[in-house]
Amino acid sequence: MKTLTISLSQQQIARLQQAVASGSYASNSEVMRDALRLWEQRQELRELEINRLKLAYDDGMASGEARTIDPETLLAELKAERRG
């Protein structure tokens with residue numbers, strides 16, 4: 001493994017030390033590895049969400065021209081779809 005020097009706030013250091021002292025983690029390095037795993041998961045979820053939004057945008061653009069709808073008309077159409 002490669003050693004990396006990082007800077008943390010006093011609050012972050014205290015939390016890290018508390019996690020190790022409580023026995024939740026065996027070492028400071030284990031806390032940091034877990035934090036990086038969580039960050040990586042969050043980044044992956046963000047990328048999946050961005051891709052989902054891009055697909056939804058593409059679907060919307062491919063669905064045809066936009067039309068202006070009266071809210072009452074829209075509600076009536078939705079109720080009709082639901083019934084039948």
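Trainee: How do the residues of the lining of the largest pocket divide into nonpolar, polar and charged?

Mentor: This is a predicted model, so treat every value as computed from it. The lining of the largest pocket has eight nonpolar, three polar and two charged residues.

Trainee: What makes a residue such as Leu4 part of the lining of the largest pocket?

Mentor: A lining residue has an atom within 4 Å of a pocket point. For the largest pocket, 13 residues qualify. Leu4, Ile6, Asn28, Ser29 and Met32 lie nearest its centre. Two helices give two or more residues to this lining: H1 (10-21) and H2 (28-62). H2 gives the most, with five residues.

Trainee: What volume does the largest pocket have?

Mentor: About 420 Å³. The second largest pocket has about 170 Å³.

Trainee: Which residues line the second largest pocket?

Mentor: Leu8, Gln12, Arg15, Leu16, Ala19, Tyr25, Val31, Met32, Asp34, Ala35 and Leu38. H1 and H2 each supply at least two of its lining residues. H2 has the largest share, with five residues.

Trainee: Now the helix pair. Why are H1 and H2 called roughly perpendicular?

Mentor: Two packed helices are described by the angle between their axes and the distance between the axes. The axes of H1 and H2 cross at roughly 110° and come within 9 Å. The roughly perpendicular class runs from 65 to 115 degrees. The angle falls inside that range, so H1 and H2 are roughly perpendicular to each other.

Trainee: Is the crossing of H1 and H2 left-handed or right-handed?

Mentor: Right-handed.

Trainee: What makes the two helices count as being in contact, and which residues meet?

Mentor: Contact means heavy atoms within 4.5 Å. On the H1 side are Leu16, Ala19 and Val20. They meet Asn28, Val31 and Met32 in H2. These contact residues divide into five nonpolar, one polar and no charged.

Trainee: Which of these contact residues also line the second largest pocket?

Mentor: Leu16, Ala19, Val31 and Met32 are among its lining residues.

Technical notes
Residues numbered from 1 in each chain as written. Predicted model: local features only at pLDDT ≥ 70, side-chain atom pairs only at ≥ 80, totals over all residues. Heavy atoms only, no water. 1 Å grid on protein atoms, 1.4 Å probe; cavity = no way out; pocket = protein on both sides within 12 Å on 5 of 7 lines; lining within 4 Å. Points joined across faces, edges and corners; volume = space filled by probe spheres on them. Helix = DSSP H or I, 4+ residues; strand = E, 2+ residues; numbered from the N terminus. Nonpolar A, V, L, I, M, F, W, Y, C, P; charged D, E, K, R; others polar. Axes fitted to C-alpha atoms, helices over the stretch in contact; angles between N-to-C directions. Parallel < 35°, antiparallel > 145°, perpendicular 65-115°, else oblique. Left-handed = near helix turned anticlockwise from the far one by under 90°.
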